[in-house]
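Please examine the sequence and the three-dimensional structure shown below. The paragraphs that follow lead through its sheets and then through a pair of packed helices.

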Amino acid sequence: MKRVLLSVPHMAGTEMAYVEDAFRTNWLSTVGANLMEFEKAVEQWCGLPGVALASGTAGIHLALKLLGAGQGDEVFCQSLTFAASTNPIRYQGAEPVFIDSERRTWNMDAQVLREALQARASIGRLPKCVEVVHLFGQCAEMDDILSVCGEYGVPVLEDAAEAIGATYRGRPAGTMGAVGVYSFNGNKLLTTTSGGMLVSRNEAWVEKARFWSQQSRDPGIAYEHSELGYNYRMSNVLAGIGRGQMEVLDLRVAQRRAIACRYRDAFADLPGLTWMPEPADQFSTHWLSVFLVNEERFGCSRDGMIRALDSAGVESRPVWKPMHLQPVFASCEKFGGNVAEDLFRRGICLPSSSSLSMEDQLRVVNAVRTAAGAGALSALEDVAETRRV
Ligand SMILES: *Cc1c(COP(=O)(O)O)cnc(C)c1O
């Protein structure tokens with residue numbers, strides 16, 4: 001039987017025509033119409049100008065540079081995330097300081113952030129910026145975070161790598177802080193196989209990031225460079241894939257949400273298995289469908305469930321391992337309790353590809369139900385795509 005994978009690319013069908021355009025016109029470098037149109041399409045969704053880059057990681061790196069994070073500086077960062085949020089802090093010679101998550105959104109706890117900012121303000125050592133992550137397609141509590149950061153005059157960087165398509169109180173993910181970054185990696189909701197985009201309402205910053213991403217080549221005919229540069233620009237070929245993908249953003253979000261809602265409904269009778277909560281004022285994409293396992297009530301541990309699913313041919317994985325538990329960041333300071341740790345130890349991500357057939361969703365559901373010792377279902381309800389919690 002074919003293995004059900006966690007999150008696979010899902011092409012719209014129009015991508016190839018844009019890629020062929022690039023070949024036909026021989027714009028096979030980091031310049032061309034696909035790049036301009038891809039950036040325009042993202043701007044149409046989020047309302048801010050952006051620059052297409054080789055990866056989300058590159059975007060975070062340039063965002064940190066824009067916000068002035070450098071040698072000896074500190075950057076406050078959500079601990080519960082993927083290493084790509086944090087690694088670029090070190091590229092800049094700065095040090096991450098980790099902030100715990102809250103249970104409502106699973107993202108940065110604004111109260112813990114306030115305590116950390118207070119502690120640093122009292123020794124006259126505020127961080128260069130606060131990096132918030134919108135995990136699994138769900139936004140952090142941005143109004144609280146922006147208001148605390150505003151009090152201390154510290155800018156916010158939004159790692160919206162997992163959250164294109166999501167909104168917070170009607171505002172698109174990635175547009176609420178000083179700089180936002182999206183990822184178009186192969187397992188994200190939309191993909192260019194590899195890629196990212198940096199957006200900001202500060203147009204000069206977007207232009208600066210564009211300049212840095214192309215080796216910081218000064219104007220003029222000579223190859224003169226007054227600043228350090230990077231080779232971070234996206235290729236016009238891959239931007240063609242992005243153009244096609246942006247045409248189906250709403251559809252992909254609806255498909256991922258429908259899968260998450262079907263899982264939620266199919267597990268409603270299982271004790272000890274709880275859905276990642278979606279606050280009423282948020283619109284999560286459910287890039288990944290995530291659940292928390294209470295071993296005692298569910299009858300099987302989280303790791304036991306991953307193993308059981310694996311032998312049923314279903315891929316699953318734990319929630320991200322918090323950065324403060326990572327050997328590479330062992331020396332970093334951390335504020336808050338153990339929420340991130342608890343979510344990591346009990347959280348499981350289930351197959352969430354927008355292309356997942358009803359048959360495969362039923363396979364996932366029944367593999368989970370079997371692990372819980374519950375009866376299998378014979379069919380899944382066809383839930384309305386936008387149905388709320
Ligand atoms: C995927 C991801 C990134 C990095 O994006 P790439 O395009 O893979 O470099 C950054 N942060 C988070 C939270 C991610 O999930």
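Two strands are said to pair if DSSP finds at least two bridges between them. Helices (H or I, at least four residues) and strands (E, at least two) are DSSP runs, numbered from the N terminus. The model is a predicted one, in which local features need pLDDT of at least 70 and side-chain atom pairs count only at pLDDT 80 or more, while totals for chains, interfaces and linings use all residues. Residues are numbered from 1 along each chain as its sequence is written, and side-chain values use heavy atoms, with hydrogens and water left out.

Strands of a sheet pair through backbone hydrogen bonds, either parallel or antiparallel. Two bridges connect strand 6 and strand 7 in the antiparallel sense, and Tyr-168 has Arg-171 of strand 7 as its bridge partner.

A second open sheet has four strands in the order 10-12-15-13, and here too the pairing is antiparallel. Strand 10 (273-275) and strand 13 (317-318) form the edges, each pairing on one side only. Strand 10 is joined to the antiparallel strand 12 (residues 289-293) by three bridges, and Thr-274 stands opposite Leu-292 of strand 12. Helix 9 (residues 249-266) packs on this sheet, where it touches strand 10, strand 12 and strand 15 (347-350), and its direction makes about 30 degrees with that of strand 12. Helix 11 (residues 302-311) lies across strand 10, strand 12, strand 13 and strand 15, and runs at about 20 degrees to strand 15. Contact here means heavy atoms within 4.5 Å; axes are lines fitted to C-alpha atoms, for helices over the stretch in contact, and angles run from 0 to 180 degrees between N-to-C directions.

Strand 9 (residues 196-199) has two antiparallel partners to consider. Strand 1 (residues 50-53) is joined to strand 9 by four bridges, with Gly-50 opposite Val-199. Strand 8 (residues 179-183) is likewise joined to strand 9 by four bridges, with Ser-183 opposite Gly-196.

Attention now turns to the helices. In helix 6 (residues 142-152), Met-142, Ile-145, Val-148 and Cys-149 are buried, that is, under 20% relative accessible area, whereas exposed means over 50% and partly exposed in between (1.4 Å probe, protein chains only). These four lie on the same side of helix 6 because they cover an arc of only 135 degrees around the axis, the arc being that of the directions from the helix axis to the C-beta atoms. The face turned away from the buried side carries the exposed residues Gly-150 and Glu-151. The buried residues of helix 6 pack against helix 5 (110-122), strand 4 (129-133), strand 5 (156-159) and strand 6 (167-168).

How do helix 5 and helix 6 lie, and at what angle do their axes cross? The axes come within 9 Å and cross at roughly 10 degrees. Helix 5 and helix 6 are therefore roughly parallel to each other, a description that applies to angles under 35 degrees, with over 145 counted as roughly antiparallel, 65 to 115 as roughly perpendicular and the rest as oblique. Within helix 5 lies Ala-121, which is partly exposed, with a relative accessible area of 33%. Leaving aside neighbours within four places in sequence, Ala-121 is in contact with Leu-126 and Tyr-152.
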